[in-house]
Every structure is written in structure tokens, then in C-alpha cells.
Amino acid sequence: MMRWRSPRVILIWIALAVAIGVPIALAATSEQLAWRGPLYILAGFAGIVALGLVLVQPLLIGGYLAPLSAYRGRRAHHWIGGALVLAVAIHVAGLWITSPPDMIDALTYTSPTPFSPFGVTAMWAIFIVALLASLRRRFELRPRTWRFIHMPLALVIVAGSVVHCLLIEGTMETISKAALCVLVVAATAKVMIDLQVWRKRRTLRGDSP
């Protein structure tokens with residue numbers, strides 16, 4: 001079992017911190033912040049944090065963040081999901097307070113800005129996953145049923161969040177923003193491929209004599 005002081009573990013967590021921290025730090029140096037109010041700035045950074053949490057989620061569920069065990073990874077995935085909902089809520093609430101007409105247009109899919117529908121769709125997918133996760137035991141959803149529901153919604157969250165972010169010309173620096181989006185897509189693709197391969201191998205072992 002890997003320990004926290006292992007060089008590999010340290011590099012993993014440093015890489016994750018850099019992937020999320022650098023875009024946030026560069027956004028904090030944007031000249032556009034001088035023209036924004038505090039609430040608008042808070043809402044914007046909540047959106048950046050939310051994208052960073054979208055990166056963390058597949059890494060946790062795939063077991064890539066050593067030395068967290070599979071159980072602790074799933075528990076962390078649950079709590080990070082709650083933090084993601086909170087970040088999105090702050091992002092939307094802040095934008096609503098600072099510009100209600102724009103948010104009404106976005107939520108009703110009538111906004112002229114091309115990035116709005118992607119962000120709103122990702123938001124609803126996040127809220128739906130969070131709601132179903134909180135009611136999973138009450139509905140007695142089996143793991144296979146939960147995966148069948150959760151996986152497509154996760155793809156919607158990732159695709160919507162990434163496109164939403166890339167289309168916005170805001171405070172985020174272009175290269176670091178693109179790198180973070182690529183990492184989100186790559187991490188999601190890897191965990192889905194790995195989990196599919198793992199399930200196939202488990203099925204073959206069960207079918208063998």
C-alpha cells in the first residue's frame with residue numbers, strides 16, 4: 001500500500017494541485033477583474049473551482065489518487081460531489097444577483113451567448129445526479145442501475161462544462177484553461193474505459209470454469 005510520503009504519491013497530488021491551482025491563479029491576475037464587482041468575481045471563481053472539481057471526480061472514482069483506498073475514494077467522490085453542487089449554486093446565484101435578465105435568458109435557453117446552453121445543461125445534470133445520489137438508498141437503486149443513470153449524466157456534465165468554459169472569453173487564461181479542459185476530458189475517458197475493461201474481466205472470470 002502506498003504511503004503519503006511516497007514520491008509517486010507526492011507527484012500525483014502536486015500535479016493535481018498545479019492543474020487546478022494554476023488556472024485559478026492566472027485568472028486572479030486578469031485585467032478584467034478591475035471592471036467587475038466582488039459578487040461577480042466570486043461567482044466567476046466559483047465556476048472555475050467547479051471545473052476543477054469535475055476533474056477530481058473521475059480521478060477519485062477510478063482510484064487514481066493514491067494512497068486513497070477504493071472505499072475512501074468513493075466517500076470522497078460523494079463529498080466532492082456535494083462541494084461541486086455548492087460551487088455551481090454560488091456561480092449561478094452570483095450571476096443571478098448581478099445580472100437577472102441574462103440569467104433568465106440562460107435558464108430558458110434563449111440567451112444569444114453560445115456558451116450559456118452548455119453551462120445550463122451541465123448545471124441541471126449536476127443537480128439531477130446529486131438528487132438521485134441522495135435518494136439512491138430510498139429508491140434501492142442497484143449498482144448497475146445507478147451506473148446506467150449516472151454515466152450518461154456524467155458525460156453531459158463533462159461535455160457541457162468543458163464547452164461552456166472554452167467558449168467563454170473571460171478572466172481565465174487561454175492556455176491554462178484549455179489544459180484544464182483537456183485533463184477533465186482525458187480523466188473522464190480513462191476512468192470510463194478502465195471501469196468497462198474491469199467489468200469485462202470480472203464477467204469473464206465469473207463465466208470461466
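The largest nonpolar core in this predicted model has 42 residues, and those with the most contacts inside it are Leu16, Leu55, Leu84, Val88 and Val184. By a nonpolar core I mean a set of buried Ala, Val, Leu, Ile, Met, Phe, Trp, Tyr and Cys residues joined through side-chain atoms within 4.5 Å, where buried is under 20% relative accessible area, exposed is over 50% and partly exposed is in between, with a 1.4 Å probe and protein chains only. The elements giving two or more residues to this core are α1 (7–28), α2 (38–61), α3 (70–98), α4 (100–107), α5, α7 and α8 (174–207), and α2 gives the most, with eleven residues; helices here are DSSP runs of H or I, at least four residues, numbered from the N terminus.

Leu55 touches Leu16, Ala19, Ile20, Leu180, Leu183, Val184 and Ala187, leaving aside residues up to four places away in sequence, and contact means heavy atoms within 4.5 Å.

The structure holds one aromatic pair. Trp124 and Phe127 form it edge-to-face, at 6.1 Å centre to centre and 80° between the planes; rings of Phe, Tyr and Trp (its six-membered ring) pair if their centres lie within 6.5 Å, and planes under 30 degrees apart count as stacked, over 60 as edge-to-face and the rest as tilted.

Residues are numbered from 1 along each chain as its sequence is written. Local features need pLDDT of at least 70 and side-chain atom pairs 80 or more, while totals for chains, interfaces and linings use all residues, and side-chain values use heavy atoms, without hydrogens and water.
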